[in-house]
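Hi,

Here is the structure I promised to pass on.

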Amino acid sequence: MGIGVTAWRGGNRRWVWVAAGIVVIMALAAGVVRALTAGADDTPGAAPATVAVDRGAVTTEVATTGTLQPAQTRTLSFSVAGTVESVKVRAGSTVGAGDTLATIDDADARAAVDSAQDTLTEAQDALTAARDAAAKATSQPRTTTGCVAPAALPVSPSPSATTKPTTRPTTKPTATTKPTATAKPTITASPEPTRAGTPAPARTTAAPTRTAPAQPGRAGQTGDSGADAGCGTQTGSGAGQSGSNQGGQGGNNQQGGGSDAVLSAQQRVNQAEVALENAEDNLDGTTITAPIRGRVLSVSGKVGSQVGAGSTFISLADVYDMQVGADFPEADAGNLAVRQKATVGLADHAGDELGATVVQVDPVGTNDGTMVRYGVVLSFDDPPTDLLVGQSAAVRVTTGSKQDVLRVPSTAVHDVAGPAGTVLRNGAALKVGIGLRGDQYTEVTSGLAAGDQVARSW
């Protein structure tokens, strides 16, 4: 009985101590809370910082990183195959326009030039001979076997109004014979005087047929048919024309033969000239000369190595006109345009913002696996010296800009929806019109005036 009472009393003491500890802890916590909140109800809440609406510039920018690259890169090669004879540069060498960079053995190329020159000389000599032969053939008179000399041709009297035939045939023409148009008879019983005043003989009652006098052809009339127009050995215009055609055709044949020989010789000269030009170009191609000033990026051979025609041997970059290549995400690329201004920062020009201008925006983007990016090329406004190819650069492009407009810090504008937003003025929310929204400032188009105080952020 005594043992049970003693155990009960020991248990109660433990619970008493636990309860007392809890009470003490709660009292201490209440004291701490009272100390922290003492005077809170008596002090008003701190007002947010404000800023005055002012006038100034508002700009929008997009930023990314890029690399320096030369404005142009040339790949140089030999135009003929051969053995490298000399290499005068190495990667990193700076060269000027016209400097000799490398050569190959040119013995074969020189021999080809000499052979082409000899061929051209022979062709020119042959052309001269063909022209001389053609000139001689043209200057010699043409003769035709069996032709009658112009002096031996009979000269037929030209029909004239002053003479008429003194005798007329007494036979009557048959029914099959008709008088020609030039021999129309005149029937009269009275004597007819001639134009010269002499009496005409009496005409018979029979109607005679006048025979047309023989007329010589054109060759017979000119008297030079043997030399120029051919031989006309027959009387009548048809014979004369025939002789003229024969003589002309013979002369044309002789002249055509001479022209063919000259034409063939001229064609050989033309071919020889082209061959010589090609041989001289190949000789020039045994030496690589710098077309521009710049820095050698790579050399792919050495003395004694074999190179092929047209294979790249030296790469040369124009480092005096460097550009910046950068890629922008598609969300920013839509605001980019040629001639926009930009700034470029380089690690070896700390603190300097180098001016640049956008000169190219790729019309087609590339997918890098996570997003579509668009390439942009920027040109330095005043490029510094000793730029490194492939050097990284920080690029910021100004995509929009307005000068002397009402503005507030962009952090002061909330709930932006199109051309409207909300600012906090004198502790109350106010709807205002907004324009260009930049990273630092936002243009205010309505609702505020210069000098108004708005919360910087809320």
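Which residue's side chain meets that of D439 in a salt bridge? The partner is R396, at 3.9 Å from N to O; a salt bridge here is a side-chain nitrogen of Lys or Arg within 4 Å of a carboxyl oxygen of Asp or Glu. D439 lies in the loop between β19 (428–437) and β20 (441–446), and R396 in strand β16 (residues 392–409), so the pair ties together parts that are 43 residues apart in sequence. D439 is exposed at 58% relative accessibility, while R396 is partly exposed at 34% (buried is under 20% relative accessible area, exposed over 50%, partly exposed in between, with a 1.4 Å probe and protein chains only).

Before you read on, please note that this is a predicted model: local features need pLDDT of at least 70, side-chain atom pairs count only at pLDDT 80 or more, and totals for chains, interfaces and linings use all residues. Residues are numbered from 1 along each chain as its sequence is written, and side-chain values use heavy atoms, without hydrogens and water.

Strand β16 also holds K402, which pairs with E443 of strand β20, 41 residues away. E443 is buried, at 9%, and K402 is partly exposed, at 37%. Salt bridges with shared partners also join E61, R396 and D439 into one network.

In total there are 8 salt bridges. Another of them links R373 and D368 at 3.1 Å, N to O.

Of the 458 residues in the chain, 28% are buried.

Happy modelling!

Notes
Helices (H or I, at least four residues) and strands (E, at least two) are DSSP runs, numbered from the N terminus.
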